[in-house]
Amino acid sequence: MSSTRKYDIVIWGASSFTGARLVEYLALNAPFDTRIAIGGRNKDKLTDVQRRLAAKHVSAASALDAMDVLVGDSTDAARMHEIVSQTRVVASTVGPYARFGTELVRACVEAKTDYCDITGEMPWVREMHCEFNDLAVQNNVHVASFCGFDCIPADLGCMMLAQYAREEFDEPLLHVKGSIVGIRGGVSGGTLATLRDQLQTEKQAMIKNLFFSSGPAEHNANKRFAKRGLIHFDKTLQRWQTFWIMSMINSQTANWAGQVLNYGLGFEYAESMSARSLLHAVAIAIGLFYGVLLMFFRITRHALYALRIIPRPGEGPSEEFTERGFFSLSLEASTDRHVFYGKVAGSSDPGYGETIKYLGESALCLAFDRDESFRPGVYPPSVIMGDALLRRLRNRGCQFEVSRKPIAAVESTKKRR
(Lines give C-alpha, C1' and ligand atoms only; values in the text may rest on other atoms or scores of the structure.)
Protein backbone atom coordinates (compact mmCIF):
# COMPACT_ATOMS: atom_id res chain seq x y z
CA MET A 1 0.00 0.00 0.00
CA SER A 2 1.25 3.44 -0.86
CA SER A 3 2.97 5.28 1.99
CA THR A 4 2.11 8.56 0.31
CA ARG A 5 -1.54 8.43 1.33
CA LYS A 6 -2.77 11.41 3.28
CA TYR A 7 -4.15 9.48 6.27
CA ASP A 8 -3.25 6.38 8.23
CA ILE A 9 -6.80 5.78 9.48
CA VAL A 10 -10.23 7.10 8.56
CA ILE A 11 -12.93 6.53 11.17
CA TRP A 12 -16.14 6.14 9.20
CA GLY A 13 -19.34 6.83 11.15
CA ALA A 14 -17.51 9.00 13.66
CA SER A 15 -20.63 10.86 14.81
CA SER A 16 -22.42 7.67 15.90
CA PHE A 17 -22.40 6.62 19.55
CA THR A 18 -19.74 3.97 18.93
CA GLY A 19 -17.87 6.07 16.38
CA ALA A 20 -17.39 8.94 18.81
CA ARG A 21 -15.99 6.49 21.37
CA LEU A 22 -13.52 5.25 18.75
CA VAL A 23 -12.43 8.82 17.95
CA GLU A 24 -11.80 9.33 21.66
CA TYR A 25 -9.88 6.07 22.01
CA LEU A 26 -7.54 6.77 19.09
CA ALA A 27 -7.01 10.39 20.11
CA LEU A 28 -5.80 9.14 23.49
CA ASN A 29 -3.98 5.95 22.48
CA ALA A 30 -2.70 6.17 18.90
CA PRO A 31 0.95 7.15 18.34
CA PHE A 32 1.24 10.95 18.36
CA ASP A 33 2.07 11.14 14.66
CA THR A 34 -0.85 8.98 13.50
CA ARG A 35 -2.75 10.76 10.74
CA ILE A 36 -6.46 10.33 11.43
CA ALA A 37 -9.55 11.68 9.69
CA ILE A 38 -13.18 11.33 10.76
CA GLY A 39 -16.03 10.80 8.34
CA GLY A 40 -19.78 10.47 8.01
CA ARG A 41 -22.88 12.02 6.49
CA ASN A 42 -23.28 15.13 8.65
CA LYS A 43 -20.46 17.67 8.95
CA ASP A 44 -22.04 19.50 11.90
CA LYS A 45 -22.32 16.31 13.93
CA LEU A 46 -18.74 15.37 13.12
CA THR A 47 -17.31 18.73 14.17
CA ASP A 48 -19.47 18.59 17.32
CA VAL A 49 -17.78 15.31 18.24
CA GLN A 50 -14.40 16.99 17.85
CA ARG A 51 -15.43 19.95 20.01
CA ARG A 52 -16.93 17.84 22.79
CA LEU A 53 -13.94 15.52 22.99
CA ALA A 54 -11.41 18.38 22.83
CA ALA A 55 -13.18 20.06 25.76
CA LYS A 56 -13.19 16.79 27.68
CA HIS A 57 -9.55 15.86 26.98
CA VAL A 58 -7.47 19.01 26.88
CA SER A 59 -4.25 17.01 26.50
CA ALA A 60 -5.62 15.45 23.29
CA ALA A 61 -7.18 18.64 21.90
CA SER A 62 -4.43 19.20 19.34
CA ALA A 63 -4.74 15.62 18.06
CA LEU A 64 -8.51 16.02 17.76
CA ASP A 65 -8.25 19.40 16.04
CA ALA A 66 -5.80 17.91 13.54
CA MET A 67 -8.36 15.34 12.37
CA ASP A 68 -9.80 16.32 9.00
CA VAL A 69 -13.56 15.96 8.50
CA LEU A 70 -14.69 13.97 5.45
CA VAL A 71 -18.36 14.06 4.45
CA GLY A 72 -20.11 11.48 2.30
CA ASP A 73 -22.97 9.01 2.00
CA SER A 74 -22.21 5.30 2.46
CA THR A 75 -24.38 4.46 -0.54
CA ASP A 76 -22.51 6.87 -2.85
CA ALA A 77 -19.97 4.59 -4.55
CA ALA A 78 -17.99 7.40 -6.20
CA ARG A 79 -17.66 9.38 -2.98
CA MET A 80 -16.68 6.29 -0.98
CA HIS A 81 -13.93 5.55 -3.50
CA GLU A 82 -12.70 9.14 -3.31
CA ILE A 83 -12.52 9.00 0.50
CA VAL A 84 -10.90 5.58 0.95
CA SER A 85 -8.27 6.32 -1.70
CA GLN A 86 -6.79 8.86 0.72
CA THR A 87 -6.13 6.47 3.61
CA ARG A 88 -4.30 3.27 4.44
CA VAL A 89 -7.06 1.92 6.72
CA VAL A 90 -10.79 2.48 7.21
CA ALA A 91 -12.41 1.61 10.55
CA SER A 92 -16.19 1.57 10.15
CA THR A 93 -18.88 1.81 12.84
CA VAL A 94 -21.76 2.41 10.40
CA GLY A 95 -24.40 -0.30 10.77
CA PRO A 96 -26.48 -2.12 9.96
CA TYR A 97 -23.69 -3.06 7.59
CA ALA A 98 -25.93 -4.94 5.17
CA ARG A 99 -27.60 -1.60 4.48
CA PHE A 100 -24.67 0.80 4.74
CA GLY A 101 -21.46 -1.20 4.38
CA THR A 102 -21.28 -2.76 0.94
CA GLU A 103 -20.15 0.24 -1.14
CA LEU A 104 -17.53 1.09 1.47
CA VAL A 105 -16.06 -2.42 1.35
CA ARG A 106 -16.17 -2.40 -2.45
CA ALA A 107 -14.33 0.92 -2.55
CA CYS A 108 -11.67 -0.29 -0.10
CA VAL A 109 -10.97 -3.45 -2.08
CA GLU A 110 -10.76 -1.58 -5.38
CA ALA A 111 -8.61 1.25 -3.92
CA LYS A 112 -6.25 -1.19 -2.11
CA THR A 113 -7.23 0.15 1.32
CA ASP A 114 -7.40 -2.08 4.39
CA TYR A 115 -10.67 -2.20 6.34
CA CYS A 116 -12.04 -3.28 9.73
CA ASP A 117 -15.47 -3.11 11.37
CA ILE A 118 -17.53 -4.38 14.31
CA THR A 119 -20.36 -6.05 12.46
CA GLY A 120 -21.97 -9.22 13.77
CA GLU A 121 -23.85 -9.79 10.49
CA MET A 122 -22.55 -13.12 9.19
CA PRO A 123 -24.79 -13.27 6.07
CA TRP A 124 -23.45 -9.88 4.95
CA VAL A 125 -19.83 -10.82 5.65
CA ARG A 126 -20.26 -14.07 3.73
CA GLU A 127 -21.67 -12.03 0.85
CA MET A 128 -18.66 -9.69 0.99
CA HIS A 129 -16.34 -12.72 1.02
CA CYS A 130 -18.02 -14.27 -2.01
CA GLU A 131 -18.09 -11.01 -3.94
CA PHE A 132 -14.76 -9.41 -3.05
CA ASN A 133 -12.36 -12.01 -1.64
CA ASP A 134 -10.63 -12.87 -4.93
CA LEU A 135 -10.02 -9.22 -5.78
CA ALA A 136 -8.90 -8.48 -2.21
CA VAL A 137 -6.31 -11.25 -2.44
CA GLN A 138 -5.20 -10.00 -5.85
CA ASN A 139 -4.87 -6.42 -4.53
CA ASN A 140 -3.30 -7.54 -1.22
CA VAL A 141 -6.14 -5.92 0.73
CA HIS A 142 -7.20 -6.99 4.23
CA VAL A 143 -10.92 -6.77 5.07
CA ALA A 144 -11.38 -7.77 8.72
CA SER A 145 -14.94 -7.90 10.03
CA PHE A 146 -16.05 -9.01 13.53
CA CYS A 147 -13.47 -6.78 15.27
CA GLY A 148 -15.71 -6.11 18.29
CA PHE A 149 -17.00 -8.11 21.25
CA ASP A 150 -18.56 -10.16 18.50
CA CYS A 151 -16.29 -11.92 17.79
CA ILE A 152 -12.75 -11.11 19.05
CA PRO A 153 -12.88 -13.11 22.35
CA ALA A 154 -14.10 -16.33 20.69
CA ASP A 155 -12.09 -15.83 17.49
CA LEU A 156 -8.70 -14.99 19.01
CA GLY A 157 -9.38 -17.26 22.00
CA CYS A 158 -9.73 -20.31 19.73
CA MET A 159 -6.67 -19.27 17.70
CA MET A 160 -4.69 -19.02 20.95
CA LEU A 161 -5.82 -22.51 22.00
CA ALA A 162 -5.06 -24.01 18.58
CA GLN A 163 -1.51 -22.65 18.73
CA TYR A 164 -1.08 -24.08 22.24
CA ALA A 165 -2.32 -27.52 21.12
CA ARG A 166 0.24 -27.59 18.30
CA GLU A 167 3.14 -26.26 20.38
CA GLU A 168 2.55 -28.28 23.57
CA PHE A 169 0.99 -31.52 22.31
CA ASP A 170 1.74 -31.52 18.57
CA GLU A 171 -1.95 -32.28 18.08
CA PRO A 172 -4.75 -30.54 16.19
CA LEU A 173 -7.45 -28.73 18.12
CA LEU A 174 -10.78 -30.49 17.70
CA HIS A 175 -13.28 -28.75 19.97
CA VAL A 176 -13.64 -25.69 22.18
CA LYS A 177 -16.50 -25.11 24.59
CA GLY A 178 -16.98 -21.48 25.66
CA SER A 179 -19.05 -20.14 28.54
CA ILE A 180 -19.74 -16.55 29.55
CA VAL A 181 -19.23 -16.89 33.31
CA GLY A 182 -19.59 -13.19 34.15
CA ILE A 183 -20.73 -10.10 32.32
CA ARG A 184 -21.98 -6.57 32.85
CA GLY A 185 -22.66 -4.28 29.92
CA GLY A 186 -25.12 -1.99 28.21
CA VAL A 187 -26.46 -1.80 24.69
CA SER A 188 -26.78 1.04 22.18
CA GLY A 189 -29.65 1.87 19.87
CA GLY A 190 -27.43 1.18 16.88
CA THR A 191 -26.70 -2.34 18.09
CA LEU A 192 -30.40 -2.99 18.57
CA ALA A 193 -31.12 -1.68 15.05
CA THR A 194 -28.56 -4.15 13.69
CA LEU A 195 -30.13 -6.96 15.72
CA ARG A 196 -33.53 -6.08 14.29
CA ASP A 197 -32.19 -6.33 10.74
CA GLN A 198 -30.51 -9.66 11.51
CA LEU A 199 -33.79 -11.05 12.79
CA GLN A 200 -35.26 -10.45 9.36
CA THR A 201 -32.55 -12.45 7.58
CA GLU A 202 -31.66 -15.13 10.15
CA LYS A 203 -35.00 -16.08 11.72
CA GLN A 204 -34.74 -19.82 11.08
CA ALA A 205 -31.12 -20.13 12.19
CA MET A 206 -31.77 -18.16 15.40
CA ILE A 207 -34.81 -20.27 16.26
CA LYS A 208 -32.76 -23.42 15.76
CA ASN A 209 -30.03 -22.09 18.08
CA LEU A 210 -32.59 -21.27 20.76
CA PHE A 211 -33.38 -24.96 21.10
CA PHE A 212 -30.16 -26.76 20.16
CA SER A 213 -26.66 -25.81 21.24
CA SER A 214 -24.39 -27.59 18.84
CA GLY A 215 -21.54 -29.44 20.43
CA PRO A 216 -19.08 -31.69 18.70
CA ALA A 217 -20.40 -35.20 18.09
CA GLU A 218 -17.34 -36.89 16.56
CA HIS A 219 -13.55 -37.24 16.74
CA ASN A 220 -13.33 -36.79 20.51
CA ALA A 221 -13.65 -39.72 22.86
CA ASN A 222 -14.45 -37.16 25.56
CA LYS A 223 -18.18 -37.48 26.30
CA ARG A 224 -18.36 -33.97 27.74
CA PHE A 225 -18.31 -32.65 24.17
CA ALA A 226 -21.39 -34.59 23.10
CA LYS A 227 -24.35 -32.67 21.64
CA ARG A 228 -25.94 -30.51 24.32
CA GLY A 229 -29.37 -28.97 24.62
CA LEU A 230 -30.25 -25.36 25.29
CA ILE A 231 -29.97 -25.81 29.07
CA HIS A 232 -27.41 -28.21 30.53
CA PHE A 233 -25.08 -28.62 33.50
CA ASP A 234 -21.35 -28.09 32.94
CA LYS A 235 -19.34 -30.46 35.14
CA THR A 236 -16.08 -28.53 34.78
CA LEU A 237 -17.55 -25.17 35.78
CA GLN A 238 -20.12 -26.78 38.10
CA ARG A 239 -22.71 -24.35 36.77
CA TRP A 240 -25.88 -24.56 34.72
CA GLN A 241 -25.55 -23.33 31.15
CA THR A 242 -28.16 -21.57 29.04
CA PHE A 243 -28.59 -19.86 25.68
CA TRP A 244 -26.22 -16.95 25.00
CA ILE A 245 -27.53 -14.51 22.40
CA MET A 246 -24.14 -14.10 20.71
CA SER A 247 -23.38 -17.81 20.56
CA MET A 248 -24.49 -18.24 16.95
CA ILE A 249 -22.31 -15.52 15.43
CA ASN A 250 -19.33 -16.36 17.68
CA SER A 251 -19.55 -20.05 16.79
CA GLN A 252 -19.86 -19.37 13.07
CA THR A 253 -16.89 -17.01 13.10
CA ALA A 254 -14.61 -19.25 15.17
CA ASN A 255 -15.53 -22.28 13.05
CA TRP A 256 -14.83 -20.37 9.82
CA ALA A 257 -11.43 -19.27 11.12
CA GLY A 258 -10.73 -22.83 12.24
CA GLN A 259 -11.32 -24.11 8.74
CA VAL A 260 -9.13 -21.47 7.10
CA LEU A 261 -6.30 -21.75 9.65
CA ASN A 262 -6.64 -25.55 9.85
CA TYR A 263 -7.03 -25.90 13.63
CA GLY A 264 -8.03 -29.54 13.17
CA LEU A 265 -10.28 -31.79 11.09
CA GLY A 266 -13.91 -31.05 12.02
CA PHE A 267 -12.98 -28.34 14.52
CA GLU A 268 -16.04 -26.96 16.27
CA TYR A 269 -16.70 -24.17 18.75
CA ALA A 270 -19.85 -24.02 20.87
CA GLU A 271 -20.81 -21.29 23.34
CA SER A 272 -23.26 -20.84 26.20
CA MET A 273 -23.85 -18.63 29.24
CA SER A 274 -23.42 -19.65 32.88
CA ALA A 275 -26.34 -19.26 35.27
CA ARG A 276 -26.56 -19.35 39.06
CA SER A 277 -29.12 -22.17 39.10
CA LEU A 278 -31.42 -24.20 36.88
CA LEU A 279 -34.23 -21.71 37.54
CA HIS A 280 -31.94 -18.83 36.58
CA ALA A 281 -30.92 -20.64 33.37
CA VAL A 282 -34.58 -21.09 32.39
CA ALA A 283 -35.35 -17.45 33.23
CA ILE A 284 -32.48 -16.18 31.06
CA ALA A 285 -33.61 -18.28 28.08
CA ILE A 286 -37.23 -17.14 28.41
CA GLY A 287 -36.19 -13.50 28.91
CA LEU A 288 -33.99 -13.51 25.82
CA PHE A 289 -36.69 -15.18 23.74
CA TYR A 290 -39.34 -12.62 24.65
CA GLY A 291 -36.88 -9.72 24.39
CA VAL A 292 -36.00 -10.74 20.84
CA LEU A 293 -39.71 -11.22 20.06
CA LEU A 294 -40.58 -7.70 21.25
CA MET A 295 -37.80 -6.24 19.09
CA PHE A 296 -39.13 -8.05 16.04
CA PHE A 297 -42.45 -6.19 15.82
CA ARG A 298 -42.57 -2.47 15.00
CA ILE A 299 -45.40 -1.61 17.43
CA THR A 300 -43.73 -3.25 20.44
CA ARG A 301 -40.32 -1.88 19.46
CA HIS A 302 -41.61 1.70 19.36
CA ALA A 303 -43.35 1.15 22.70
CA LEU A 304 -40.02 0.12 24.21
CA TYR A 305 -38.43 3.26 22.74
CA ALA A 306 -41.22 5.47 24.13
CA LEU A 307 -40.92 3.95 27.61
CA ARG A 308 -37.10 4.32 27.39
CA ILE A 309 -36.68 0.65 28.15
CA ILE A 310 -34.29 0.39 25.20
CA PRO A 311 -32.15 3.18 23.66
CA ARG A 312 -32.86 4.72 20.26
CA PRO A 313 -30.19 4.71 17.51
CA GLY A 314 -27.45 7.16 18.53
CA GLU A 315 -27.94 6.48 22.25
CA GLY A 316 -26.03 4.12 24.50
CA PRO A 317 -24.70 3.44 28.01
CA SER A 318 -23.09 6.20 30.04
CA GLU A 319 -19.34 6.47 30.43
CA GLU A 320 -19.64 5.55 34.11
CA PHE A 321 -21.63 2.42 33.28
CA THR A 322 -19.11 1.49 30.58
CA GLU A 323 -16.22 1.75 33.01
CA ARG A 324 -18.03 -0.45 35.55
CA GLY A 325 -18.62 -3.19 32.98
CA PHE A 326 -16.66 -6.41 32.52
CA PHE A 327 -16.86 -9.88 31.01
CA SER A 328 -15.20 -13.25 31.45
CA LEU A 329 -15.24 -16.07 28.88
CA SER A 330 -14.16 -19.52 30.08
CA LEU A 331 -12.84 -21.92 27.43
CA GLU A 332 -12.42 -25.69 27.56
CA ALA A 333 -10.42 -27.16 24.68
CA SER A 334 -9.96 -30.71 23.46
CA THR A 335 -7.53 -32.58 21.24
CA ASP A 336 -7.66 -36.36 20.73
CA ARG A 337 -5.73 -37.01 23.93
CA HIS A 338 -5.76 -33.81 25.96
CA VAL A 339 -8.16 -31.36 27.57
CA PHE A 340 -6.89 -27.91 28.51
CA TYR A 341 -8.33 -24.50 29.30
CA GLY A 342 -8.38 -20.85 28.40
CA LYS A 343 -9.81 -17.57 29.57
CA VAL A 344 -10.56 -14.29 27.81
CA ALA A 345 -11.62 -11.35 29.98
CA GLY A 346 -12.12 -7.61 29.78
CA SER A 347 -12.35 -4.91 32.43
CA SER A 348 -14.98 -2.62 30.90
CA ASP A 349 -18.36 -2.82 29.20
CA PRO A 350 -17.81 -5.55 26.55
CA GLY A 351 -20.05 -3.92 23.94
CA TYR A 352 -18.42 -0.49 24.20
CA GLY A 353 -15.29 -0.33 26.37
CA GLU A 354 -13.80 -3.57 25.07
CA THR A 355 -15.26 -3.30 21.57
CA ILE A 356 -13.74 0.14 21.09
CA LYS A 357 -10.40 -1.18 22.30
CA TYR A 358 -10.64 -4.14 19.92
CA LEU A 359 -11.58 -2.02 16.90
CA GLY A 360 -9.06 0.72 17.68
CA GLU A 361 -6.21 -1.75 18.05
CA SER A 362 -7.33 -3.60 14.90
CA ALA A 363 -7.10 -0.34 12.93
CA LEU A 364 -3.68 0.44 14.40
CA CYS A 365 -2.54 -3.13 13.72
CA LEU A 366 -3.50 -2.88 10.05
CA ALA A 367 -1.90 0.57 9.77
CA PHE A 368 1.42 -0.12 11.52
CA ASP A 369 1.99 -3.86 12.09
CA ARG A 370 1.12 -5.24 8.68
CA ASP A 371 3.71 -7.62 7.27
CA GLU A 372 3.90 -10.77 5.12
CA SER A 373 2.21 -12.84 7.87
CA PHE A 374 -1.04 -10.92 7.32
CA ARG A 375 -3.41 -12.89 5.10
CA PRO A 376 -5.20 -10.80 2.44
CA GLY A 377 -8.88 -11.32 1.75
CA VAL A 378 -12.22 -10.98 3.52
CA TYR A 379 -11.91 -12.93 6.77
CA PRO A 380 -12.25 -12.83 10.58
CA PRO A 381 -9.50 -10.93 12.44
CA SER A 382 -7.61 -14.06 13.56
CA VAL A 383 -7.11 -15.10 9.94
CA ILE A 384 -5.91 -11.67 8.83
CA MET A 385 -3.93 -10.27 11.77
CA GLY A 386 -3.39 -13.28 14.04
CA ASP A 387 -0.61 -12.94 16.60
CA ALA A 388 0.01 -9.27 15.83
CA LEU A 389 -3.48 -8.33 17.05
CA LEU A 390 -3.31 -10.72 20.00
CA ARG A 391 -0.06 -9.07 21.18
CA ARG A 392 -1.60 -5.61 20.85
CA LEU A 393 -4.64 -6.55 22.90
CA ARG A 394 -2.58 -8.20 25.61
CA ASN A 395 -0.43 -5.07 25.78
CA ARG A 396 -3.64 -3.07 26.32
CA GLY A 397 -4.60 -5.17 29.32
CA CYS A 398 -6.95 -7.65 27.64
CA GLN A 399 -6.63 -11.08 29.27
CA PHE A 400 -5.96 -14.04 26.95
CA GLU A 401 -4.73 -16.95 29.06
CA VAL A 402 -4.08 -20.69 28.56
CA SER A 403 -3.60 -23.36 31.23
CA ARG A 404 -3.52 -27.14 31.54
CA LYS A 405 -5.83 -26.80 34.55
CA PRO A 406 -9.23 -25.06 34.79
CA ILE A 407 -8.82 -21.33 35.28
CA ALA A 408 -10.85 -19.99 38.19
CA ALA A 409 -13.84 -17.99 37.03
CA VAL A 410 -13.38 -15.07 39.39
CA GLU A 411 -16.20 -12.56 39.02
CA SER A 412 -15.20 -8.92 38.88
CA THR A 413 -15.26 -6.90 42.08
CA LYS A 414 -17.06 -4.26 40.01
CA LYS A 415 -20.23 -6.26 40.56
CA ARG A 416 -20.23 -5.34 44.22
CA ARG A 417 -19.95 -1.59 43.72
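**A buried asparagine**

Mentor: The side chain of Asn-133 reaches the backbone nitrogen of Val-378, at 2.8 Å. Keep in mind that this is a predicted model.

Trainee: Where is Asn-133 found?
Mentor: In helix H7, which covers residues 122-138.

Trainee: And is Asn-133 buried or exposed?
Mentor: Asn-133 has 9% relative accessibility, so it counts as buried; the cut-off for buried is under 20%.

Trainee: Which residues does Asn-133 touch?
Mentor: Leaving out residues up to four places away in sequence, Asn-133 touches Met-128, Gly-377, Val-378 and Tyr-379.

Trainee: New topic, helix packing. At what angle do H15 and H17 pack?
Mentor: About 130°, with the axes 10 Å apart. H15 is residues 350-368 and H17 is residues 387-395.

Trainee: Which residues make the contact?
Mentor: On H15, Lys-357, Tyr-358, Glu-361, Ser-362, Leu-364, Cys-365 and Phe-368. On H17, Ala-388, Leu-389, Arg-392 and Leu-393. By class, the contact has 7 nonpolar, 1 polar and 3 charged residues.

Trainee: Which residues of H17 are buried?
Mentor: Ala-388, Leu-389, Leu-390, Arg-392 and Leu-393.

Trainee: What do those buried residues pack against?
Mentor: They pack against H8, H15, helix H16 (381-384) and strand S16 (399-403). Just after H17, Gly-397 takes a positive phi of about 90°.

Trainee: You mentioned H8. How does H8 pack with H11?
Mentor: H8 and helix H11, residues 247-261, pack at an angle of about 35°, and their axes are 9 Å apart. The crossing of H8 and H11 is right-handed.

Trainee: Which residues meet there?
Mentor: Ala-154, Asp-155 and Cys-158 in H8 meet Asn-250, Thr-253, Ala-254 and Ala-257 in H11. That contact has 4 nonpolar, 2 polar and 1 charged residues.

Trainee: What is phi for Phe-146?
Mentor: Phe-146 has a positive phi of about 65° and is not a glycine. Phe-146 is in the loop between S6 and H8. At 0% relative accessibility, Phe-146 counts as buried.

Trainee: And Gln-238, buried or exposed?
Mentor: Gln-238 is exposed, with a relative accessible area of 53%. The phi of Gln-238 is positive too, near 55°. Gln-238 sits in the loop between strand S10 (232-234) and strand S11 (239-242).

Trainee: What about the peptide bond from Gly-95 to Pro-96?
Mentor: That bond is cis, with omega near -5°. Pro-96 lies in the loop between strand S4 (87-92) and helix H5 (97-100).

Trainee: What kind of peptide bond joins Asp-150 and Cys-151?
Mentor: A cis bond, with omega about 25°. Cys-151 lies in the loop between strand S6 (142-144) and helix H8 (152-169). The loop between S6 and H8 also holds Phe-146.

How values were computed: Residues are numbered from 1 along each chain as its sequence is written. This is a predicted model: local features need pLDDT of at least 70, side-chain atom pairs count only at pLDDT 80 or more; totals for chains, interfaces and linings use all residues. Side-chain values use heavy atoms; hydrogens and water are left out. Axes are lines fitted to C-alpha atoms, for helices over the stretch in contact, and angles run from 0 to 180 degrees between N-to-C directions. Helices (H or I, at least four residues) and strands (E, at least two) are DSSP runs, numbered from the N terminus. Contact means heavy atoms within 4.5 Å. Ala, Val, Leu, Ile, Met, Phe, Trp, Tyr, Cys and Pro count as nonpolar, Asp, Glu, Lys and Arg as charged, and the others, Gly among them, as polar. Buried means under 20% relative accessible area, exposed over 50%, partly exposed in between (1.4 Å probe, protein chains only). A polar contact is a pair of N or O atoms within 3.5 Å; within protein, one must be able to donate a hydrogen and the other to accept it, and residues adjacent in sequence count only if both atoms are side-chain atoms. A crossing is left-handed if the near helix is turned anticlockwise from the far one by less than a right angle, and right-handed if clockwise.
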